Amino acid sequence: MAGAADTKKTRWAWVVATFFGVGLLRPGPGTYGSVAALLLWYGAAHGFGAQGTRLAVVTGVAALAAVLIGIPVATIAARESGRKDPGFVVIDEVAGQWIALIAVTPDWRHAALALVLFRLFDIWKPWPIRRLEQLPEGVGIVLDDVAAGVLALAVGLVVGRLV
């Protein structure tokens with residue numbers, strides 16, 4: 001009799017869905033996914049000198065790519081694991097976190113604010129975010145995080161001007 005370990009996995013999809021294994025970390029894989037996304041963004045901002053509009057465009061393109069790739073890989077991983085929204089799938093957190101960072105000043109204070117706000121809205125899921133996670137498969141897995149990222153970006157821009 002075949003067990004769960006014998007289940008065939010689409011390797012490339014699982015690698016992307018777990019954001020190169022970050023989603024396998026415990027506890028709180030979603031937070032690890034968000035932190036990994038933030039560290040990549042921060043590294044790009046400071047390592048490659050991306051600032052202002054250039055950083056916003058690069059971040060937006062990266063977020064869009066994560067969404068477009070994330071929906072099908074989240075669907076594959078969910079189907080193959082037999083779970084509706086597997087916790088190890090963190091490409092959605094990566095996409096949402098990058099959205100939350102699109103127009104953020106690349107310093108630790110603003111980056112930390114974007115991280116906290118995104119995780120707050122991703123976990124709390126205020127209306128209409130909760131409704132989006134009810135969409136089927138990868139669409140629901142990813143789009144609720146997209147909405148949490150948009151909300152975190154909006155609130156972060158307002159609060160960021162005050163701090």
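Predicted model: local features only at pLDDT ≥ 70, side-chain atom pairs only at ≥ 80, totals over all residues.

Student: How far apart are the closest N and O atoms of the salt bridge that R119 forms with D122?

Tutor: Residues are numbered from 1 along each chain as its sequence is written, and side-chain values use heavy atoms, with hydrogens and water left out. A salt bridge is a side-chain nitrogen of Lys or Arg within 4 Å of a carboxyl oxygen of Asp or Glu. For R119 and D122, the closest N and O atoms lie at 2.6 Å.

Student: What separates R119 and D122 along helix α5?

Tutor: Helices here are DSSP runs of H or I with at least four residues, numbered from the N terminus. Helix α5 covers residues 108-124, and because R119 and D122 are three residues apart in it, their separation is about one helical turn.

Student: How many salt bridges does the count come to?

Tutor: Side chains of opposite charge can pair when their charged atoms come close. Under the 4 Å rule, the count is six.

Student: Which helix has the highest mean pLDDT among the elements of the chain?

Tutor: The chain averages a pLDDT of 93, and 96% of the residues score at least 70. Helix α6 (residues 129-132) has the lowest mean, 93, whereas the highest, 98, belongs to helix α4 (residues 91-100).

Note on methods:
pLDDT = per-residue confidence, 0-100. Helix = DSSP H or I, 4+ residues; strand = E, 2+ residues; numbered from the N terminus.
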